[in-house]
Amino acid sequence: MASSAASSVRPPRPKKEPQALIIPKNAAEEQKLKLERLMKNPDKAVPIPEKMSEWAPRPPPEFVRDVMGSSAGAGSGEFHVYRHLRRREYQRQDYMDAMAEKQKLDAEFQKRLERNKIAAEEQTAKRRKKRQKLKEKKLLAKKMKLEQKKQREGSITGSPACTLPHPQPPRPQTPLSF
């Protein structure tokens, strides 16, 4: 028993340094403090909250138990039931209108993206064609320059004055000394 108690003794935890309480004065300072706290231990996992689901109205009930009758003399509590039903229906209609508007805007955005993509591709093709044209023009100019150079060399070496070798004076041979 004594040996098990001795082996279960843990070393003392290192003491944490006391830190000064810093109250952020604006959003930038708050963000700075959060980043500093995250970067103290980069191995620790960062909690990333999931995107909140968009609000949607409750689906209508499949079976309505409290059907309002059309008889006169409705009770005092019926007005509140009617008011809640009306409010819920208006919310549902507003939600459907908002979703239709959102879908319309998304479709317009996708069309605009497609138009921009096509315009960018056309512009790229136009610039590619221009670069290719310039490249071919430079290549043609280089070939013409080489042909002119060959023609000049051919005309110079083909002339009768240049066909004779130039006599060079003999070099005096001196022995190399080490």
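The structure is a predicted model, in which local features need pLDDT of at least 70 and side-chain atom pairs count only at pLDDT 80 or more, whereas totals for chains, interfaces and linings use all residues. Residues are numbered from 1 along each chain as its sequence is written, and side-chain values use heavy atoms, with hydrogens and water left out. The mean pLDDT (the predictor's confidence in each residue, from 0 to 100) of the protein is 84, and 81% of its residues reach 70 or more. Confidence is lowest in helix 1, at a mean of 57, and highest in helix 3, at 93.

The protein contains three helices and zero strands, these elements being DSSP runs numbered from the N terminus (helices H or I with at least four residues, strands E with at least two). Read along the sequence, the pattern is α-α-α. Of the 178 residues, 1% count as buried, and the protein exposes about 19100 Å², of which carbon and sulfur atoms supply 58%; accessible areas come from the Shrake-Rupley method with a 1.4 Å probe, and for residues only the protein chains shown count as cover.

Side chains of opposite charge can pair when their charged atoms come close. Three salt bridges are present in the structure, each defined by a side-chain nitrogen of Lys or Arg within 4 Å of a carboxyl oxygen of Asp or Glu. In one of them, lysine 34 pairs with glutamate 30, the closest N and O atoms being 3.6 Å apart; because the two residues are four residues apart in helix 2 (residues 27-40), they are separated by about one helical turn. Lysine 34 is partly exposed at 45% relative accessibility, as is glutamate 30 at 37%. Arginine 92 and glutamate 89 form a salt bridge with their closest N and O atoms 2.6 Å apart, and, being three residues apart in helix 3, they are likewise separated by about one helical turn. Both count as partly exposed, arginine 92 at 28% relative accessibility and glutamate 89 with a relative accessible area of 31%.

A further salt bridge joins the side chains of lysine 102 and glutamate 54 at 3.2 Å, N to O. Lysine 102 lies in helix 3 (residues 78-157) and glutamate 54 in the loop between helix 2 and helix 3, so the pair ties together parts that are 48 residues apart in sequence. Lysine 102 is partly exposed, at 39% relative accessibility.

The structure also holds one aromatic pair. The ring centres of tryptophan 55 and tyrosine 95 are 5.9 Å apart and the planes stand at 85 degrees, so the pair is edge-to-face; rings of Phe, Tyr and Trp (its six-membered ring) pair if their centres lie within 6.5 Å, with planes under 30 degrees apart counted as stacked, over 60 as edge-to-face and the rest as tilted. Since tryptophan 55 lies in the loop between helix 2 and helix 3 and tyrosine 95 in helix 3, this pair ties together parts that are 40 residues apart in sequence. Tyrosine 95 is partly exposed, with a relative accessible area of 24%.

Note on methods
Buried < 20%, exposed > 50% of the residue type's maximum accessible area, 1.4 Å probe, protein only.
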